[in-house]
Each structure stands twice: as structure tokens, then as C-alpha cells.
Amino acid sequence: MSEVPILRDYARAILNAYRNDATHMPALAAELERMEACHRNWLAHHGAAETGTADQEDFWRRCRSSLCAPCHTARTRDDAADILSVFLDAMDDDEEEGEGLRPTIVTFKNRAYPLDDAEQCVDDTITQWRRFSSRKHFKHAVAGYVRGVELMTNHENGTVYTEVSALMLVRKTSQIEHAGGWLKLWRKADDNNPAEKATFEQPDIDTREGYLSLVDFVSRVATVAVRPVHLCEEHPHGVVCDARKLKKIKAALSGRRLILFSRRMRR
Ligand SMILES: [Zn+2]
């Protein structure tokens, strides 16, 4: 079940790109050093886990860099656990209040930007979510939500785009359908620019299938920033990460609120 061998190739490629950037930007040296230590600790931890000498299955001293491969995987897992627990608490409260909230999952796939405009791409998405979620119809329909923003890359044509995924608690009295549906509302929040609805589901969590579908989607919401596999490229001679692209993507992600817990789903 070990994810280490696959992740290690990406982790190495990303570290090499950092080393390359750090030679031009001394400010990166400290972060690079922490990331190198993080990778050593992570590998040692997994080595210990395999021989049964580690105390905790999923802990090592992390660097918490936005682009570190092992930290990204660990952070996604932690956030998914938080989302599920906040969600279950909110559903318990709802059972007492009897409002009948429906768990609703949605992913919007946004338009592409040139990689050089990755910062604009992420900022526009965050602004779009702010407009979308402050509309009257949304506020009336949604009692609480968690939303995540993931940056996707298309290395073939040098573009990036975002996918926004949200788990929302939707009231029975929602007027969203009368307002034209979620996608229409989402597009309106971006001057009607084309975006696609990639996923939409209202699973019945009292069934096993519905619950599993929800748990699966929770990991989707928790996957924010950029996956190591999207940051890197596969070449016949191995996995590589382009230092110039890494710099652009890092700038686009740093300091942004990529995961947001709101209202009845606050952590
Ligand atoms: Zn790390």
C-alpha cells in the first residue's frame, strides 16, 4: 500500500527545481533546507513504519511548504478528516433542528489561462467564489460549506486552470433551480465566462453507496493547491519539474485562501 516509491520521484523532481531556483534567489535557501530535511524525515519515518518501529503511522516533522510533495499528501489527508468531522457534526445538529439539509457536492472547471498568468487565474477564481457565495440565492440556499481551489496544469499547451469543489449543506427551500441552477449562478459571478460543471451530486448518505460517494468527494474538496503529479512532467527518462514553472505556480498559490470553511461548517 505504500505510496512512497511513486511520491518519491515527484518529491525529488520538485526538490531539484527548488535547488535550481534557490541558486538565483537566496531567499529560498532556508525553505529549501527545511524541505530537504522534511524529505529525509519522511523517508526515515516510512522506513521505520515498514519495520514497525515508528510510533505513529502518519507523522514526521513536516516543512509545510506549499509545493512539498509529502506535505501536500499529508495535508490533504488531514483536511479531509476535518471536513468529514465538521460535516457529521453539522448533520447531527440538523437532525435536532429538523431543517432537512441536503449534502450537495459540486465541482466547477474554469476557463484556461496561459501559465504566465497563473496568479491571475487563482485570484479570479477566488473572487468568483466570493461573488457567487454572496448572492442572495446562494445565501438563502446554503447553510454551510467547505470549498477548495485546485490549480491544474496542461503542460502540452502551457496553460493552467482551476477546479473549484465544494461540499455544501443545502436547504430544502432552496430556490437555486428557479434561478437557473448552480452553473448559471457560477458563470454569472465571472461575467458569464464559460465554466463547466464537472460534478454535481446530492448523495443519500443513509445508504452505503451514498456515504462512500460523499467520503470520496471530501478528499476531492481537500485536494487544494497543486498536486505533485500536476506540477511535474513525465518524460521517458523520468519525472522532471521545470524550475521556471515552479516559480510561477508557487507565486500563484502563496498567501491565497485555497480552502475555506464557512458558516455551519466552520472548524
Ligand atoms: Zn514537506
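Guide: This is a predicted model.

Visitor: What does the side chain of Asp242 reach at the start of α9?

Guide: A side-chain oxygen of Asp242 comes to within 2.8 Å of the backbone nitrogen of Arg244.

Visitor: Which residues of α9 are buried?

Guide: First the general idea: an α-helix has 3.6 residues a turn, so residues three or four places apart point the same way. In α9, which spans residues 243-253, the buried residues are Ala243, Lys245, Leu246, Ile249, Lys250, Ala252 and Leu253.

Visitor: What covers the buried residues of α9?

Guide: The cover includes the helices α1 (4-24), α2 (29-50), α4 (118-133) and α8 (228-231), together with the strands β3 (142-154) and β6 (233-235).

Visitor: How does α1 lie against α9, and which residues make the contact?

Guide: Read the distance and the angle between the axes. Those of α1 and α9 come within 9 Å and cross at roughly 90 degrees. Angles of 65 to 115 degrees count as roughly perpendicular, so α1 is roughly perpendicular to α9. On the α1 side the contact is made by Ile14, Ala17, Tyr18, Asn20 and Asp21, and on the α9 side by Ala243, Leu246, Lys247 and Lys250. By class, these residues divide into five nonpolar, one polar and three charged.

Visitor: Why are α1 and α2 described as roughly antiparallel?

Guide: Their axes come within 10 Å and cross at roughly 165 degrees. An angle over 145 degrees counts as roughly antiparallel, and α1 and α2 are therefore placed in that class. The crossing of α1 past α2 is left-handed. From α1, the contact takes in Val4, Leu7, Arg8, Ala11, Leu15, Tyr18, Arg19 and Ala22; from α2, Glu31, Leu32, Met35, Glu36, His39, Trp42, Leu43 and His46. This contact of α1 with α2 has 10 nonpolar, two polar and four charged residues.

Visitor: Let us end with a loop. Where is Ile205 found, and what does it touch?

Guide: Ile205 sits in the loop between β5 (196-201) and α7 (208-222). Leaving aside residues up to four places away in sequence, Ile205 touches Phe87, Met91, Pro103, Gly210, Tyr211 and Leu214.

Visitor: Why does Ile205 count as partly exposed?

Guide: Buried means under 20% relative accessible area, and exposed over 50%. Ile205 has 21% relative accessibility, so it counts as partly exposed.

Visitor: How far apart are the C-alpha atoms of Ile205 and Cys232?

Guide: They are separated by 36 Å, the two residues being 27 residues apart along the chain.

How values were computed. Residues are numbered from 1 along each chain as its sequence is written. This is a predicted model: local features need pLDDT of at least 70, side-chain atom pairs count only at pLDDT 80 or more; totals for chains, interfaces and linings use all residues. Side-chain values use heavy atoms; hydrogens and water are left out. Buried means under 20% relative accessible area, exposed over 50%, partly exposed in between (1.4 Å probe, protein chains only). Helices (H or I, at least four residues) and strands (E, at least two) are DSSP runs, numbered from the N terminus. Contact means heavy atoms within 4.5 Å. A polar contact is a pair of N or O atoms within 3.5 Å; within protein, one must be able to donate a hydrogen and the other to accept it, and residues adjacent in sequence count only if both atoms are side-chain atoms. Axes are lines fitted to C-alpha atoms, for helices over the stretch in contact, and angles run from 0 to 180 degrees between N-to-C directions. Angles under 35 degrees count as roughly parallel, over 145 as roughly antiparallel, 65 to 115 as roughly perpendicular and the rest as oblique. A crossing is left-handed if the near helix is turned anticlockwise from the far one by less than a right angle, and right-handed if clockwise. Ala, Val, Leu, Ile, Met, Phe, Trp, Tyr, Cys and Pro count as nonpolar, Asp, Glu, Lys and Arg as charged, and the others, Gly among them, as polar.
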